[in-house]
Amino acid sequence: MRRDLGDFQTPPELAAALVRRLGPIGARWPRVLEPTCGRGAFLEAVLSAPDPPREVVGVEIQASHGAEARARLADRPAIHRATILHADLFELDLRADLPWIEHGPLLVVGNPPWITSAELGRLGSDNLPPKRNVKGLSGFDARTGAANFDLGEAVWLKLIDELADQTPTIALLCKTSVARAVLQHLHRTGRRVADAELIEIDARRWFSASVGACFLKLSLGTGETTGRVAVFDAIEATRPRRTMGSVRSVFASDLDALDTLDFAFGRSLLCWRQGVKHDAAPVMELIGTADGTFRNGLGEEPLVEPSFLYPLVKGADLIRPARERPRRAMIVTQEKLGAETRDLADRAPRLWAYLQARAAWFDKRRSSIYKAAPPFALFGIGPYTFAPYKAAVAGLHRPSRFRAVGPVDGRPTVFDDTCYILPCQSALEAAVLTAACNDPITREVLRALTFADAKRPVTKAVLQTIDLGGVLERTDASALVDRVDEVLRDDLGLEGETGDAIKAEVERLITLLSLADGGKLGRTASPDRPA
């Protein structure tokens, strides 16, 4: 197997089962294309079906695989024409370069490579599609890494782009993360999908791979589209287990559940923020030692001005109770995005010397967000960073647990970029919002919106669709008061708020969150930093 080609050959038994799932092939599709045919398992399966197509074409970049595919198909009757092209799919124009003799409806079937562009880059592979913004992402998303894509995704997008006018049915094995990305792309670009279904596949059984996998079937069309995708939990399943699809710019895992929670799902009038991004953890992040000092990831004790050190909570820390979190700190060089840092040479000479001596770590930062930025610049930094209290959640962990976090020794706590925060001006506000986020209603919305196998189940886009005002209005009031009291005690180490005070804060937030402008909620926190 060639790792740089993401080569996972399809077992013949699996290919045959999936072809049977598609139904009578020849009666529906006289032509079948396998864009990365490997050793020809899918082509053999379609030609072995009770009603085979009249013509199949396979494309394969590896000559040895292509030769084996030709051998497997050599004894087929001449009436069923089979052609295997030794070619790089990304060098072909699928509208003009395929040697079709037959006409009529087209089925595309197969198993594209399972590897990302970033992994290909690390391996030094030349098996990359043309350098372009494959997903058509906005400048910010493309620059901050969201444009990393799976090679299988690139195959999907090429097929959709170049074959759409033939209204094909495309049915491919792929990672479920790729399937979601493809479905989101179709929604974002307005492509019409006449029919869609996703069959979950046990990748460990079939490919010895620990990854979510599926068989995604799409019929591209010109008519109306519902945007809904039926999800089946087995190849033999006849009834879908759930329905997923795009809604309000988010691809949701369970649309039926969201239909019952419309009061809590829509648009957040609170602005969730991501934590500080610096991409130089060995230099910028410090951990406390038994002797009370801090050391960086290089084992050094930084001698810098204390006013530039802030208590730090990372995403992994949020799954622990406050008392069990390690003592951490982050060096914060700016108060707002784009702020000049060169004046640190005068304002904080020890910090400046420390950073200058370790500038090579910052030179390694590859993201274009740092290009033309001041030296040692941060991203995800602003007044919200320095709010005294926050409601916070880790984006990478599931199930999600929201926590309230307050200042440490009078210094506001900052978060790394694996976290999302709501800045708050009081402990009670943070506790109520955190309790609302942990409410069963909110948790059910999150379950319906997110996917268990996603690398980052919780994102800002997901959080911005949760209406916490609607949650506060509909939740069990008594249970909410108990949760707020628990948050105050366990997360913030505070006691003494009465049930009446908590209820008053809940009513205040409901009123503010029902305003057309979203209220203010004290979102203009000023940095806690000495001049």
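Reader: Which element gives the most to the lining of the second largest pocket?
Author: This is a predicted model. In it, the second largest pocket holds about 570 Å³ of space. Its lining has 27 residues, and the closest to the centre include P311 and R328. Elements giving two or more residues are β14 (309–313), β15 (328–331) and β17 (403–405). The most, five residues, come from β14.

Reader: How many charged residues are in the lining of the second largest pocket?
Author: Sorted by class, the lining has 17 nonpolar residues and three polar ones. The charged residues number seven.

Reader: How are α19 and α20 oriented to each other?
Author: Helix α19 covers residues 477–490, and helix α20 covers residues 499–513. Their axes lie 10 Å apart, at an angle of about 105°. Angles of 65 to 115 degrees count as roughly perpendicular. The two helices, α19 and α20, are therefore roughly perpendicular.

Reader: Which residues in α20 meet α19?
Author: From α19 come L480, V481, V484 and D485. By class, the contact has five nonpolar, one polar and two charged residues. On the α20 side the residues are G499, I502, K503 and V506.

Reader: Where does pLDDT stay under 50?
Author: The protein averages a pLDDT of 88, and 88% of the residues score at least 70. Where pLDDT is low, predicted coordinates should not be read in detail. Residues 1–6 stay under 50, with 18 contacts beyond four places in sequence. Another stretch under 50, with 16 such contacts, is residues 137–147.

Key: Residues are numbered from 1 along each chain as its sequence is written. This is a predicted model: local features need pLDDT of at least 70, side-chain atom pairs count only at pLDDT 80 or more; totals for chains, interfaces and linings use all residues. Side-chain values use heavy atoms; hydrogens and water are left out. pLDDT is the predictor's confidence in each residue, from 0 to 100. Contact means heavy atoms within 4.5 Å. On a 1 Å grid over the protein atoms alone, a cavity is a set of points where a 1.4 Å probe fits but cannot get out, and a pocket is an open set with protein on both sides within 12 Å along at least five of seven lines; lining residues have an atom within 4 Å of a point. Grid points are joined across faces, edges and corners, and a volume is the space filled by probe spheres set on the points. Helices (H or I, at least four residues) and strands (E, at least two) are DSSP runs, numbered from the N terminus. Ala, Val, Leu, Ile, Met, Phe, Trp, Tyr, Cys and Pro count as nonpolar, Asp, Glu, Lys and Arg as charged, and the others, Gly among them, as polar. Axes are lines fitted to C-alpha atoms, for helices over the stretch in contact, and angles run from 0 to 180 degrees between N-to-C directions. Angles under 35 degrees count as roughly parallel, over 145 as roughly antiparallel, 65 to 115 as roughly perpendicular and the rest as oblique.
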